[in-house]
Amino acid sequence: MEKVKSIGIDAGSTTLKIVGVEEEGKILFSVIEDADPKIEEQTDKLLGELRNNYDIENSKIVATGYGSNLIKADKKVTEITCHAKGIYEYFKTGGTAVDIGGQDNKVILISKNGKVVDFIMNDKCASGTGRFLENTSWRLKISTEKMAELAISSDNEVKISSTCAVFAESEVISQLSRGQKLEHVIKGLHRAMVKRITSMVYAIGFNPPLMLSGGVAKNKAVAQMLEEELGEKPLIPENPQIMGAFGAALIGLSE
Amino acid sequence: MLHIDIPSRKEVIEKAKSEGKKIAAIYPIHYPRELFRSFNIQPIEVWGPPKTDTKKANAHLQSYICSVVQSGLAFYLEKQLDIADIIAVPHSCDSLQGLGSIFKDFINPKHELITIYLPREKNKENVEFLSNELKRIYKQLSEFCGFSPSSEKLMEEIKKEEEIDEIVDKLYRIRENLPLSSRGFYAILRSREYLSPDEFKSKLEYILLHASKGRLKKTGVVFSGLLPEPMEIFDIIDEMDCFVAMDDMACCMRRVYGKGNSDDPFERMAERIVNGPPDPTKGNSFNERFGFLKSLIEISGAKGIVFYNVKFCEPEYFYHPILKEKLSKAGIKSLIIETDINEPISQQTITRIKAFTEMLRENEQ
Amino acid sequence: MNLRDSIKYLFSYKIAGETFIKLNTKKAFKNFKPPKSWRTDILAPPLKTGVYTKEIIAKHYLEGRYVNGVKPVAWVTSGAPIEILKALGFYILYPENHGALCGARKAALEISEEAEKKGYSMDICSYARTDIGSILSKKTPVGKLPKPDLLLCCTNICQTVLYWYRVLAEYYKVPLIVIDTPFVYDEAKEHDIEYVKKQLEASIDVSEMVAKKSLSFTKLKEIVKLSKMAAELWLEIMSSNKNIPSPISVFDQFIHMAPIVEKRGDAVTVDFYSKMLKEIKERIKNGIGAVKNEKKRVLWDNLPIWYKIKFLSEFLAEHGVSVVASTYTNAWGELAPMMDIERPIESMARTYTYPILNRGTGHKLKTMEMMVKEFDLDGAILHSDRSCKPYSVGQVDQRLKLLNELGAAALLLEADHNDPRAFSDEQSKSRLKAFVEMME
Ligand code: SF4
Ligand code: SF4
């Protein structure tokens with residue numbers, strides 16, 4: 001059985017992520033599951049399953065994310081520090097890390113030597129977060145993946161001016177009922193979201209390269225539009241959702 | 001850690017009443033405590049209070065008015081100020097201006113209502129104006145109380161306040177030698193909002209006695225904004241092995257005035273306020289504010305600044321972008337957080353504070 | 001004065017530009033007809049003299065493009081005492097007016113986003129955001145704004161301008177004059193007026209230094225006179241709406257008030273409003289109402305919603321509602337009687353302490369009550385402007401009083417004067433509809 005040196009657990013608002021690394025920081029396993037309200041039981045269960053295949057008896061555990069308070073861990077660190085660490089070690093470069101999660105966005109400036117220089121998070125509202133697209137996706141009964149495809153293929157867009165996730169949803173409906181084409185409206189919706197994110201990036205002072213993480217990083221429309229707005233092709237890790245947990249695991253190595 | 005008992009606002013009010021004093025409920029920010037005290041009036045400040053149910057304020061205010069004004073009004077509407085004889089509303093910003101005006105024109109409290117206009121900018125005309133404004137209030141209080149305190153009495157009260165300001169200043173400078181948590185330290189400083197000068201002074205002297213040579217081995221931050229509410233915000237900072245080493249808050253440091261020069265009591269009170277520390281509601285220049293913040297960092301050895309902003313507070317908002325830039329050029333890290341004093345601290349805010357302290361410490365290494 | 005700048009100014013503005021604009025106006029006046037999209041079925045055609053509004057404003061901003069280096073430039077707040085600067089030959093720019101212009105041309109959102117990108121909160125006044133965004137990005141629908149040599153900020157409209165002008169002073173590194181006007185809870189006290197007067201006097205030195213010349217009191221009196229005359233004419237124009245039907249609507253006033261704000265103290269402005277008044281009297285004589293089928297008459301409180309003027313004007317006209325009076329446009333006329341040409345500084349101190357925005361919430365209620373009676377109104381629309389706290393605080397009580405004590409229908413309409421994100425078409429329509437039904 002492979003020996004796991006350190007485990008990072010990222011208990012986010014929508015998903016739970018666990019990453020295990022060996023001494024050198026190489027990823028041995030990663031697990032992603034929808035977050036259960038009983039986070040503690042859920043992590044215990046997952047760790048129990050991992051025990052069948054890995055030696056985690058002496059692993060350090062570092063927890064991060066909203067649910068981290070409920071998890072037994074050797075150390076607790078914020079998502080900001082973890083994401084920065086994960087992204088930096090993954091790409092081996094400083095720059096601007098943008099994490100677009102289900103309920104919040106973070107923009108982190110990382111220095112050449114991997115330190116957090118500055119960061120911002122969105123306000124309490126869900127403006128510009130994954131929730132922005134999800135609300136509409138539920139309402140229209142179209143998956144977010146499909147919505148992204150529509151947005152990319154659309155040659156035109158309808159301006160959605162609302163930045164509030166709830167209002168934007170009703171604006172989408174009212175545009176559609178006015179006879180606007182679905183793909184145009186959907187593209188406008190993506191644009192509104194991307195604009196919120198870019199304004200955060202500008203607010204902190206954009207320093208390339210742009211590195212994406214979080215579930216929404218997989219959304220091709222968002223990535224493409226971010227490139228249009230910022231004039232920089234974003235770097236996207238193979239598995240963008242686990243960057244926080246990966247960073248947490250790495251932090252465990254130096255404990 | 002040192003423990004100091006602080007009486008509650010309620011206890012203080014009851015005691016003052018039993019001593020025959022009148023009570024003045026005073027809204028934020030600047031006013032001369034000494035003027036009220038010479039009339040045997042106990043000023044009790046109304047900063048919020050936090051965690052108030054502001055439903056009732058909706059009968060008078062739109063939702064885009066800050067939570068300090070919302071809860072201040074709701075508190076009155078809940079009859080919590082009925083015990084006071086006087087309500088005073090300093091003119092600190094557009095929203096408090098509106099509050100004072102609504103009180104006068106629509107709510108008509110049975111209390112004696114006093115408004116105080118705060119002149120902007122620092123200059124001769126302003127001192128002269130404010131001293132006239134204070135004379136006007138003196139007249140109003142004389143009529144209300146039925147007597148006029150002498151200049152000597154006024155001077156006596158002014159000197160008391162000046163002496164206290166001096167001690168507070170000293171405590172700030174030896175903050176890291178004081179065995180007090182952030183919450184503990186500020187609970188005492190903020191008791192000035194309602195304690196009598198003698199009682200407050202005795203608390204300060206008690207702390208001074210316990211100052212030690214040993215230093216708090218923690219990372220310091222400067223806290224800037226209107227007020228630290230909800231106060232649990234300080235616990236989060238302390239939990240991260242940090243402490244609030246200095247502040248630039250309206251309820252504390254921004255009202256630690258220097259000594260006046262004039263022998264005329266009104267002019268002296270005016271000088272103190274006009275020449276006091278920079279404050280966005282006074283419209284101070286960026287250089288003044290930046291210089292002041294930098295000096296706070298230098299004096300305290302703090303590593304960063306937390307701007308803790310009440311949502312919808314325009315005076316503060318306008319300064320943030322340029323201040324943040326100036327600070328960053330000077331190598332000082334800062335964080336802006338938005339708060340509603342009536343809501344519990346959000347998980348987001350906790351994460352931000354924690355990440356900020358992690359960042360400060362990482363960069364310290 | 002810089003020679004190259006002067007030559008450019010002379011050719012581009014004085015010779016080419018002005019002539020071109022004048023010709024255009026002449027043509028527009030001769031072939032006057034309403035724009036294609038104008039709803040002639042429900043609205044009277046626009047005022048013919050309105051072509052001069054365009055001319056005055058176009059010239060003003062065109063001059064602005066070439067004025068740096070030729071005349072000293074001051075940026076001022078909308079209620080600022082500009083007479084001294086005018087007398088010293090300053091070119092005067094009103095960032096708030098520029099903001100309104102951006103709003104009316106639907107450019108304000110994009111421009112204020114530039115400020116938001118730099119960290120300016122969405123919760124600060126949208127005029128300030130538009131202005132700061134325009135400075136940071138150089139975006140403006142008028143081509144180019146002149147750089148200020150002096151900033152003049154008067155707190156008689158709000159405290160917000162004080163912080164805003166601090167930001168401007170920081171960006172431009174030019175002197176800032178603050179005229180701090182104590183808020184008038186009931187009546188202004190002697191020491192209040194004295195304080196304002198002293199500041200005005202002190203401001204002369206700084207202004208003279210920047211203008212590099214000294215103030216002539218004869219000139220000042222002349223400017224005060226012109227300023228007073230224009231304000232009186234404006235007042236008369238607004239009063240003519242007491243006529244039933246009302247010859248012009250408040251939405252027209254919003255458009256044609258630009259000169260009284262921006263060109264107060266100029267002879268052209270007096271001339272312009274005399275012409276306008278004549279046309280309005282003509283309308284009254286012919287029984288023309290701004291709204292063709294005027295059934296109900298209402299007032300507007302607070303700033304316009306610049307990006308929705310057409311929408312609101314048409315929606316209300318469709319329902320036979322004419323908006324005939326407003327506390328906002330009134331603000332530029334109501335103080336005219338206070339100006340005293342013989343005592344310019346003293347009377348300025350008083351006049352500039354007394355604008356409606358520097359007075360208590362009860363005073364505003366009284367103004368509205370007076371309007372309801374004098375203009376024979378059925379209702380009031382109170383625009384609750386998220387951006388403008390001094391104007392909006394008090395409206396909740398004011399609305400109730402209008403409703404309960406005067407029996408006027410009263411609507412609190414949530415919006416923002418320059419930020420379209422705070423306005424929802426659908427929601428506003430249903431509110432306005434309910435309001436119209438209330439009056440029936
Ligand atoms: S928090 Fe800001 S807006 Fe609210 S009362 Fe205080 S200074 Fe005014
Ligand atoms: S809109 Fe209101 S807050 Fe903004 S500048 Fe004008 S008066 Fe001040």
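This text covers the interface of chain C with chain B, then a helix pair inside chain B. The model is predicted: local features need pLDDT of at least 70, side-chain atom pairs count only at pLDDT 80 or more, and totals for chains, interfaces and linings use all residues. Residues are numbered from 1 along each chain as its sequence is written, chains are lettered from A in the order in which they are written, and side-chain values use heavy atoms, without hydrogens and water.

Start at the interface. Here 54 residues of chain C are in contact (heavy atoms within 4.5 Å) with 52 residues of chain B. The buried area is about 4500 Å², with 61% from carbon and sulfur atoms; this is the accessible area (1.4 Å probe) lost on putting the two parts together, summed over both. On the chain C side, Tyr163(C), Arg166(C) and Tyr185(C) lose the most area, together 18% of what that side buries.

Four salt bridges link chain C and chain B (Lys or Arg side-chain nitrogen within 4 Å of an Asp or Glu carboxyl oxygen). In one salt bridge, Asp123(C) meets Lys311(B) at 2.6 Å, N to O.

Several elements of chain C each supply at least two residues to this side, among them helix H6 (126-137), helix H8 (190-211) and strand E7 (379-385). The largest share, eight residues, comes from H7(C). Helices (H or I, at least four residues) and strands (E, at least two) are DSSP runs, numbered from the N terminus.

Now turn to chain B. Ser182(B), Arg183(B) and Tyr186(B) in H7(B) meet Glu232(B), Phe234(B), Asp235(B) and Asp238(B) in H9(B).
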